[in-house]
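Thanks for coming. I have one model to go through, and I will take the chains in turn before moving to where they meet.

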Amino acid sequence: MRDRLGDLQLFLSESPEEARPSEEQSPEEAQPLELYMFQGEDEMEQIYKEAQLMQKEMLMLKLDVKRLGKQNTRFLTSVRRISSIKRDSNALGRDIKARGEAIYARLERLGKRSKELEEEHGAASAVARMARSQCVYLTRAFHEAMCEYNRAEMLQRENCKTRIQRQAEIMGREVSREQIEEMIETGKCSLFSDNLLLEGRTARSALTEIENRHKELLELEGRIRDIRELFFQMALLVEEQGCMLDNIQANVGQTRDYVAKASAQIRQAVRYKKNNPCKKLFCCCFPCCR
Amino acid sequence: MAAGSDHGLKKIVWKRIKDTIITDCRKSDIWKILILDHFTTKLLSSCCKMSDLMAEKITIVEDLFKKREPVLEMKAIYFMTPTLKCVEAFIGDFEKKPKYKAAYVYFTDYCPDDLFNKMKSRCGKFIRVVKEINISFLPQEAQVFTCNNPEAFRSIYSPHSQDKRSTLETLADQIVTLCATLDEYPGVRYKKESNMENAKTLAELVDNKLAKHYELDDSAKKKGKTQAQLLIVERGFDPVSPILHELTYQAMAYDLVDIKDDTYRYKLKDGSEKQALLNEDDMLWVNLRHKHIAEVGGEIPKLVKEISASKQQPDEKITISKLAQMMKKMPSFRKQLNEKTTHLQLAEDCMKHFANNVEKLCKAEQDLAVGADVDGAKVKDPMRTLLPVLLHPYTTYDKIRAVLLYIFSLNGTTDENLSKLIQHVKIEDEREFILNWKELGVSIITPNQMSLFSRKSTRRDRSQEEKYNLSRWTPVIKDVMEDAVENKLDTKEWPHLSESPAAWNGSGAVSARQKHKASAQDERRTGSRLIVFVIGGITYSEMRCAYEVTQAVKSCEVIVGSSHILTPTSLLDNIKALSKAPMETFTIEERNNA
């Protein structure tokens, strides 16, 4: 790798006179320069601000998900104050849902704005493309965050099932995973319908353990159900967008040659018309004396 | 981001780009526009995605050669090849009316002084950064690179070519950037051939340019040679591999199915058209691509079961188990579902084509290529093996391939015999398919058919390896790779161009048999690299060999590359086109009807 900035600057410092002629030319060109100003400056400012805020929100969401993950493991390892741990988990779950829905609403708004910009300035204009790529990027990031959440909850689910299995073994009963699934499905602890007599403290504590796990699982499913709607919408959105939007070659291929706005050209045309030598002559020969 | 091995070429290239271009632009916090030319578009597309760029505060990506909307508030990053066309386009952005606030310019290779001065004099004051980051190759796969130059074949091998030297120079530049990106300063060796000099020329060019590069390089303090070796060889050294019908998934798919730009297009049962990109983002592809089609076929029932299991319709009542199943339908699973469907289709497609050509053709090809049949008995009369193929109504291309294999197995045939074969295949007007192979240094016509001189080098004994009957041929390049890794390459056949580092020199010779011991001898070669460059194109089977050898010899990573990737059909077409004289350009003069 070679940095050639030094060579460049050396040249520039050696030849200041050459820079001046080009500066003299620019005042003449100043007026048309105005016409080419970037149309969507303010809108982009807003969009970028919005994007930054959303990214912050998503960061918070991710932190919440991580906390939930930690909380879940705590539930498995510590035996004390299960109820309070459960409360926290549920609170976190509600938090995540609320935040997620807020972000989703903002995403929708951004999407609408991006479509409006497309209609205003044309799909190939810089503003529209910037807005659209921000949209795509944020949607994917949000989707990632939600997948993280899903993974955390799925992990918890598996852990609970394993615990139940182990506890059942302690009690002297082999339980297969399908039976556990059934238990969850029916909501009943069918495991114990057969055992009428439970003897010994170990058996009883194992029973309580299993009941707790079972309850936890049911609540987990409840949490997931709550958030399911959101998750689904997100997922569909991402799929609709497709993977081509993330592909660089596809993005570059979609760009179109820039056509200056009609207004600019009309102004130029008017100026040229005014400066039309024939007209000038005409005006000179036949002065309008009204 | 592309998943795959942790030390793949794509990851290395992306890291390099991040470390130079992105780090520079992080310094100012505003959003930037990235402007690319055709080559750098491909380059970036192959190693990262839009979301990666967006995460680095690049808001949109533009095409250098299209007219772009001026955005005066933003700075622009130009990533382009140092050619006249690109530099002119860049100057055009700033000379009269600047389109952007400032420019950060990055070239893929050294910029010639005249272009640099042009840039300086006409729009120097807008340039904040100008660097030459040496990356002018395409990372095709984790261990495969190309120079994105299919024209090189014609340029080097056509008897009418005017620009062979300049093409070789360009290829050498690109190889040097590969070495620079990998941070290697390899010892260069080439295959000595009696009738072709291209490998030697290219090797000399690469060696000189490598030396020059490491003198000019900013980051390296006087760099010594690293534990790497670069082997340069020509296509003619193994003419069999590119035309044989291969039965491993990737090679077979690209040979038999029409796949353009790595995109496979297919129709689902409901009629909808889908397309799938076959690259390293698809983990299933990465796992299946080098497997034999029979094994891939074995995976299919598993895939089918999984797909049908997940297709259950959720009913109205949302029970918890259904919920769990719906969770399974989430996009990560849906992505996998899509991948599985794609590969089901592709494997089916391959097998459909294969079923038409089945046993006889492949068997005959293998017998001719290997020189022995399934039981190990030498083929005494190749014509007997070839004849049934010629008599069966295979496609012309398949027959040409069989005839070529016959000729290669004999090291050239008589003119008379050749004419008879050409007549049989009915390509009297298209003899070039066969005759032009001589331009690659492969003998097609030898006056004396009973030549005792066998040009073929002895192959490794692979009788101990388990093989499918229709896949007995191993590309010659695998022998070369294994010999190189074991330090057994003959210095007469593969001369060194300059000093090679000690471990490769043979001075620290390690017995191949002791490879399995985790001994100190292996430590010397940890992380060493073998880079193989084939002039004239590389095939999928040879790419596969790189992975196989790396897998077997964990201490050395093998990277292969060429000017472009060949399929049998494209190679045959290219060979035929070698004898075409360059097209005359016609200029139409308009008569003014004044």
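In chain A, 39% of the 290 residues count as buried; buried means under 20% relative accessible area, exposed over 50%, and partly exposed in between, with a 1.4 Å probe and protein chains only. Before I go further, the conventions: this is a predicted model, where local features need pLDDT of at least 70 and side-chain atom pairs count only at pLDDT 80 or more, while totals for chains, interfaces and linings use all residues. Residues are numbered from 1 along each chain as its sequence is written, chains are lettered from A and ligands numbered from 1 in the order in which they are written, and side-chain values use heavy atoms, with hydrogens and water left out.

Chain A has 10 helices and 1 strand. Helices (H or I, at least four residues) and strands (E, at least two) are DSSP runs, numbered from the N terminus. Read from the N terminus, the order in chain A is β-α-α-α-α-α-α-α-α-α-α. Contact here means heavy atoms within 4.5 Å. Taking contacts in chain A between residues at least 6 apart in sequence, 76% join residues at least 24 apart.

Now chain B. Its secondary structure comes to 22 helices and 15 strands. Of its 594 residues, 56% count as buried. For contacts in chain B with a separation of 6 or more, residues 24 or more positions apart account for 80%. Chain B exposes about 27,400 Å², and 51% of that is supplied by carbon and sulfur atoms.

Which strands make up the open sheet, and in what order? There are 6, running β1(A)-β5(B)-β4(B)-β3(B)-β1(B)-β2(B), with mixed pairing. Two strands pair if DSSP finds at least two bridges between them. The edge strands are β1 (2–3) of chain A and β2 (58–63) of chain B, each pairing on one side only. β1(A) pairs with strand β5 (residues 127–132) of chain B in the antiparallel sense, over 2 bridges. Within that pairing, D3(A) has K131(B) as its bridge partner.

Another contribution from chain A is R4(A), which lies over the face of F116(B), 4.0 Å from the ring centre. The criterion for a charge over a ring is NZ of Lys or CZ of Arg within 6 Å of the ring centre and within 35 degrees of the ring normal. In chain B, R289(B) lies over the face of Y547(B), at 4.9 Å from the ring centre.

On to the aromatics. Rings of Phe, Tyr and Trp (its six-membered ring) pair if their centres lie within 6.5 Å; planes under 30 degrees apart count as stacked, over 60 as edge-to-face and the rest as tilted. There are 16 aromatic pairs over all chains. One of them is Y78(B) with Y100(B), edge-to-face, 6.4 Å centre to centre and 70 degrees between the planes. Y78(B) lies in strand β3 (residues 75–80) of chain B and Y100(B) in the loop between α4 (84–94) and β4 (103–107), so the pair ties together parts that are 22 residues apart in sequence. Are these two residues buried or exposed? Y78(B) is buried at 0% relative accessibility, and Y100(B) is buried at 1%.

A second pair, F153(B) and Y157(B), is tilted, at 5.4 Å centre to centre and 55 degrees between the planes. These two sit 4 residues apart in helix α6 (residues 151–157) of chain B, about one helical turn. F153(B) is buried, with a relative accessible area of 2%, and Y157(B) is buried with 2% as well. Going back to Y78(B) and Y100(B), they belong to one aromatic cluster with F90(B), F94(B) and F126(B).

Next, helix α7 (residues 164–181) of chain B. The expected span of a helix is 1.5 Å times one less than its number of residues. For the 18 residues of α7(B) that should be 26 Å, and the end C-alpha atoms are 26 Å apart, which agrees. Its buried residues include L168(B), L171(B), I175(B) and L178(B). The buried residues of α7(B) pack against elements of chain B including α1 (9–26), α6 and β12 (528–535). Just after the helix, D183(B) takes a positive phi of about 60 degrees.

Last, a hairpin. β10 (residues 263–267) and β11 (residues 273–277) of chain B pair in the antiparallel sense over 5 bridges. Y264(B) has A276(B) in β11(B) as its bridge partner. The hairpin has 5 residues between the strands, and G271(B) in the turn has a positive phi of about 95 degrees.

Note on methods: Areas by Shrake-Rupley, 256 points an atom, 1.4 Å probe, with all protein chains shown as cover.
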